[in-house]
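Here is a short briefing on side-chain interactions. Please keep the sequence and structure in view while reading.

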Amino acid sequence: MNIAANIESIRQRIALAAASASRNAEDITLVAVTKTVDALCAKEVLNSGVTNLGENRVQVFLDKYEALGSEPTWHLIGHLQTNKVKYIVGKVQLIHSVDSLHLAEEISKKAEAMGLCQDILVQFNISGEESKSGAGADEAKALFEKLSCLKGINIRGLMTMAPLGASETETRSVFEGLRLLSDQIAKEGYENVSMNHLSMGMSGDFEAAIREGATLVRIGNALFK
């Protein structure tokens with residue numbers, strides 16, 4: 001496993017995908033998903049110039065946080081239970097997977113108590129798969145009217161996942177759906193809401209995501225093969 005070489009390869013692919021969409025590669029952040037590797041490998045990622053690390057599970061994040069502290073820019077990208085919110089607020093820069101008003105309220109409550117403002121993304125299930133978390137696109141207006149009233153959080157954009165094994169056409173349709181939803185939300189002018197980020201695309205489909213406007217790509221397997 002040559003992490004540095006894998007990172008360079010991914011960066012080249014990001015640049016090519018960005019160029020094909022007339023985008024600037026510097027506008028796309030590589031989030032290295034370190035859920036399958038230990039803190040030593042995560043440190044090697046940092047040493048190779050990737051400072052944004054993503055974790056799926058709170059306990060695994062906490063173990064790495066104990067080893068690496070705040071040196072990385074941490075992202076929580078996996079499903080988050082409300083009873084685990086207290087462990088991560090103030091430690092992660094961005095929570096990608098806020099999939100309900102109830103979870104957002106818990107993050108808001110904890111952040112306010114700590115005198116913080118936590119950046120979050122709202123997760124939508126654009127594909128409609130029952131196995132995937134996320135709000136439905138048809139819920140967006142009612143959801144954001146309530147989310148925008150919460151203190152202690154800043155909504156920085158949206159997140160989604162495409163179905164595993166989907167065709168490129170199907171995959172791009174999901175990513176396009178999130179981009180269009182982001183545009184609709186931005187036009188509403190909600191308080192505490194900015195559509196700066198689209199978190200979409202993983203090892204198997206990040207190039208399609210970039211072509212549809214991704215600003216954050218979450219890549220694990222391709223880095224640690």
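The points below cover salt bridges, nonpolar cores, cysteines and aromatic rings.

This is a predicted model, in which local features need pLDDT of at least 70 and side-chain atom pairs count only at pLDDT 80 or more, while totals for chains, interfaces and linings use all residues. Residues are numbered from 1 along each chain as its sequence is written, and side-chain values use heavy atoms, leaving out hydrogens and water.

**Salt bridges**

- The count is 10 salt bridges, each being a side-chain nitrogen of Lys or Arg within 4 Å of a carboxyl oxygen of Asp or Glu.
- Lys64 and Glu55 form one of them, at 3.0 Å from N to O.
- Lys64 is buried at 4% relative accessibility, and Glu55 is buried at 0%. Here buried means under 20% relative accessible area, exposed means over 50%, and partly exposed is in between (1.4 Å probe, protein chains only).
- Lys141 and Glu188 form a salt bridge too, with their closest N and O atoms 3.6 Å apart.
- That pair links distant parts of the chain, 47 residues apart: Lys141 sits in helix α6 (residues 140-147) and Glu188 in helix α7 (residues 168-188). Helices (H or I, at least four residues) are DSSP runs, numbered from the N terminus.
- Lys141 is partly exposed at 47%. Glu188 is also partly exposed, at 43%.
- Glu176 and Arg179 meet in a salt bridge at 3.9 Å, N to O. They are three residues apart in helix α7, so about one helical turn separates them.
- Glu176 is partly exposed at 34% relative accessible area, and Arg179 is partly exposed at 25%.
- A salt-bridge network links Arg172, Glu176, Arg179 and Glu212.

**Nonpolar cores**

- The largest nonpolar core has 66 residues. A core is a set of buried Ala, Val, Leu, Ile, Met, Phe, Trp, Tyr and Cys residues joined through side-chain atoms within 4.5 Å.
- Ile107, Phe124, Phe144 and Leu158 have the most contacts inside this core.
- Helix α1 (residues 3-20) gives the most to this core, with six residues.
- Leaving aside neighbours within four places in sequence, Ile107 is in contact (heavy atoms within 4.5 Å) with Leu80, Val85, Val89, Ile95, Val98, Gln118, Ile120 and Ile153.
- Another core, of five residues, lies apart from the largest one; among its members are Val31, Leu94, Leu121 and Met159.

**Cysteines**

- The count of disulfides is zero, where a disulfide is a pair of cysteine sulfur atoms within 2.5 Å.
- Cys117 is partly exposed, at 44% relative accessibility. Cys149 is exposed, at 57%.

**Aromatic rings**

- There are five aromatic pairs. Rings of Phe, Tyr and Trp (its six-membered ring) pair if their centres lie within 6.5 Å; planes under 30 degrees apart count as stacked, over 60 as edge-to-face and the rest as tilted.
- The Phe61 and Tyr65 rings have centres 5.5 Å apart and planes at 50°, so this pair is tilted.
- Both residues lie in helix α3 (residues 58-68), four residues apart, about one turn of the helix.
- Phe61 is buried at 0% relative accessibility, whereas Tyr65 is partly exposed at 22%.
- Ring pairs join Phe61, Tyr65 and Trp74 into a cluster.

Note on methods
Helix = DSSP H or I, 4+ residues; strand = E, 2+ residues; numbered from the N terminus.
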